[in-house]
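Colleague: Hi! Could you put the model up and walk me through it?

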There are 2 protein chains.
Amino acid sequence: MPTTQIRLASRPHGEPQDSDFETVETELPELADGQVLLRTIYVSLDPYVRGRMSDAESYADPMQVGDVVVGGTVCEVVESRSDRRSVGDVVLAYTGWQTHAVVDARATRRLDPEAAPISTALGVLGMPGFTAYAGLLAIGRPAEGETLVVAAAAGPVGSAVGQIAKIKGLRTVGIAGGPEKVRLLTEELGFDAALDHRSPDFVEQLVEATPAGVDIYFENVGGPVGDAVLRRLNTYARVPVCGLVSGYNATERPQGADQLPGFFRRILTKSLTVRGFIQDEFVPTHHEDFLREMSAWVRDGSVRYLEDVAQGLERAPEAFRGMLAGRNVGKQLVQVGPDPTR
Amino acid sequence: MPTTQIRLASRPHGEPQDSDFETVETELPELADGQVLLRTIYVSLDPYVRGRMSDAESYADPMQVGDVVVGGTVCEVVESRSDRRSVGDVVLAYTGWQTHAVVDARATRRLDPEAAPISTALGVLGMPGFTAYAGLLAIGRPAEGETLVVAAAAGPVGSAVGQIAKIKGLRTVGIAGGPEKVRLLTEELGFDAALDHRSPDFVEQLVEATPAGVDIYFENVGGPVGDAVLRRLNTYARVPVCGLVSGYNATERPQGADQLPGFFRRILTKSLTVRGFIQDEFVPTHHEDFLREMSAWVRDGSVRYLEDVAQGLERAPEAFRGMLAGRNVGKQLVQVGPDPTR
C-alpha cells in the first residue's frame, strides 16, 4: 500500500521554508497482527510542532531530519488485523503528515461520529480543548467575578479558555490580531471584551478593558503581548503557561534590557503564581471530566469552535507557516482525504 | 515617658547611609485604656524593611520620611492599662527602632520565656521561621529523595528551610557567602552540601552538588545565584519566591540581554511552578502547625538556629547595612535593653 508523506528535510532557521520539507511516496509494510491500516482524513497543525523541528531542549524529543512531520490525525480504518478496530471505524491517531499509515490498533482511539463532528477530536474536544480546560481549571483556579485575559483568543486553545471562563462567571478579555478575529471574539465566542494587539494603542485598550486588573492570564503567546498583560496582574494572580508561539520562529537572542529581575520583583510583590504545563500532566486527573463537560458544552452551544481547514496534504507547509504567523482563524486543520461522516 | 527613636530621614539611594536616619528623643503620650507601655529588648532587622524605605510599589505601604523605622520587637511590659497584659510580661510587638513605645495591648502577643528563648520569636519561631516553613511546605511541597537548594542559607529563613527539608528527607544544598558561613552550613546546620557563591567555580560546584538536578529552589536572593540555580531545575520543580535581597539596594536597571523570554521558555519546557509569597497569606492555614512543629524541632535539636546580636539601638543602621550585604551570620537582631530572662 503506498503512502504520501511530508518529511522534515532540514531544521528550519526561523520561519519554516518549503525547502525544509520534502514530499515522498513510499510503500507501507504489510499489516502485522494487532495492526490497522489508516487513511488520513484530517491532520492537526499545532504550534508545539515547530519546537520539535528544532534540536533545542524541549519537553518532547525533537524530530530527526527525514522523519514524517508529527501531528494528531483523524483517520478511517481501511484494513484491520485487530479485534479492537473494524474497517470503517473513524479513529484518533498520531500519524502526522501522510495519507496512510500502519499502526498498532492500541495507538488509536475510536471516535463516535454521532456524538460530535469527527474533526473536533483534534480541536475543541481534543488536545487544544483539553489544554484550555486543564490549564484553566487546575492552574488558573477561576473564581466568579474575576478577570481573565487570553491571547491568540480566536485560536483553539484561547477560544476554549475564554468560553470556559465565561461559564465559570469571569469577565473575559480576548486578544487577537486583526479586526476580523477581534469581531469574532465578541460576536461568536462570547468574550466580554476583545483587543487587537496590532493597534497602536493596544496597551491603553488593555488597561481600559481590565479596570479591576487581571486575575488569570492564560499565557500562550509570550512576547510584547505577554509583557503588557503581566503588568496588569493583581495580587495572587495565576499565569498558566502553555505556549509561547510568538517566539517559536525566533532566531536571535532578544534585544533590550534584562526584564527578568523586574519580573521576579512582580512575582514577589504580587504573590504571583506562574506555572508552565503540558496537557499530558493532567490526563490522569482531568481528562474524563473534560470529555464529559466539554462535550456537553459543545452540544448545548455554550462552547463554540471555529475551524480553518486547508484542503490537501500538499498545503500543510503553507498552512503551518500561516498558523505560526496567526493567519488562521480557529483550529488549523488539513483535510487530506474525504470525510465519510459529512 | 521619653523614648529614643531612629527615624527615616531620607529615602536611601542604594545602600542606606547614616544620613538616611536620624535619632530623636521624644515624649510618649499617657496611656489610654487598653494600652501598654513597652520597653524594647530586641529589634528584628529584616531585608523586607529595605523595600519599605523606598516609595516603589511593593506589597506593603512604604514608610514615610519621618517615620520610626519599622520592625518586629520583643519587649517587656513596664506599665499596663489593659487586663490582657501585666507589668513584667514579655511580648512580641511591632514597634520598630525605638527604646519604648505605647501600643494597644491587643497588638502584642505574650511570649512564654520557659518555652523558648524570647529572641526566637523574631527568628526561628517568628516571621523568618514561618516564611521558611510555609513557603517550603505549601509551595515547595517537598517529597522524600528530592533535592532542595536555598541561598542565604546561613540566614534565618535559609537555615530553617534547609533543616525542615532535611527532616522531610530531601538532599539539601545551601549557598552562602564566604568560608565561615559555608562551614557552618554543613557542620552546624546539617546541610548535605554547602557552596560559596563567591567561588570562581561556583557554577561548576553547583552542578556537582546537584547531580540529580534541583526539585525545589527556595528563592530569597535573586541575582546571579538565582540565575545559576534556575538552570538546574528539573521538570515539575517548584520555586517559592520570598525575597530578592541581592537587588534590594539596586539603583540602576539591570544590564545585559533580556533573559525573560528564555526564562518563560524554561517555565514551559520544564513545567515549572514559580510562586511569590508573603508569609501573612499562610497564617490562617499553617501558623498553628508551625508553632507546634517548629517549637518541637527546636526543642529536640533537629532545627538549630544562629543569631547575630548587635548591642545598642544606635548600632541598628550599621547592622541593617551589614545584613543587606550578607555580613551577618544567622538572624540579625539589635539588643536595645537588658533581657530579663537571661
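Modeller: Happy to. Chain A is divided into domain 1, covering 2-123 + 306-335, and domain 2, covering 127-298. Keep in mind that this is a predicted model.

Colleague: How far apart are the C-alpha centres of domain 1 and domain 2 of chain A?

Modeller: They are separated by 27 Å. In the contact between them, domain 1 of chain A supplies 19 residues and domain 2 of chain A supplies 17 residues.

Colleague: Nice. Which helix gives the most to the side of domain 1 of chain A that touches domain 2?

Modeller: That's helix α1 (residues 48-53) of chain A, which gives three residues. By residue type, that side of domain 1 of chain A has eight nonpolar, eight polar and three charged residues.

Colleague: Changing topic: what are the pLDDT numbers for chain A?

Modeller: The mean pLDDT of chain A is 94, with 98% of its residues at 70 or more. For the model, ipTM is 0.89 and pTM is 0.90.

Colleague: And how many helices and strands does chain A have?

Modeller: Chain A has nine helices and 15 strands. It is as compact as a globular protein of its length, because its radius of gyration is 20 Å, close to the 20 Å from the globule rule for 342 residues.

Colleague: What does the C-alpha trace of chain A span along its principal axes?

Modeller: About 60 × 45 × 35 Å. As for burial, 52% of the 342 residues of chain A count as buried.

Colleague: What about contacts in chain A between residues at least 6 apart in sequence: what share join residues at least 24 apart?

Modeller: That share is 66% in chain A.

Colleague: Let's hop over to chain B. Where does B:R52 lie?

Modeller: B:R52 is in helix α1 of chain B, which runs over residues 48-53.

Colleague: Which residues is B:R52 in contact with, leaving aside neighbours within four places in sequence?

Modeller: There are B:A60, B:P62, B:M63 and B:V70.

Colleague: And B:V69, what's the C-alpha separation from B:R52?

Modeller: The C-alpha atoms of B:R52 and B:V69 are 9.2 Å apart, and the two residues are 17 residues apart along the chain.

Colleague: Great, thanks for the tour!

Terms used: Residues are numbered from 1 along each chain as its sequence is written. Chains are lettered from A and ligands numbered from 1 in the order in which they are written. This is a predicted model: local features need pLDDT of at least 70, side-chain atom pairs count only at pLDDT 80 or more; totals for chains, interfaces and linings use all residues. pLDDT is the predictor's confidence in each residue, from 0 to 100. Helices (H or I, at least four residues) and strands (E, at least two) are DSSP runs, numbered from the N terminus. The radius of gyration is taken over C-alpha atoms; the globule rule is 2.2 Å times the number of residues to the power 0.38. A residue is buried if 20 or more other C-beta atoms lie within 10 Å of its own, exposed if 12 or fewer, and partly exposed in between; C-beta atoms are placed from the backbone. Two residues are in contact if their C-beta atoms, placed from the backbone, lie within 7 Å. Domain bounds come from an automatic or database domain assignment. Ala, Val, Leu, Ile, Met, Phe, Trp, Tyr, Cys and Pro count as nonpolar, Asp, Glu, Lys and Arg as charged, and the others, Gly among them, as polar.
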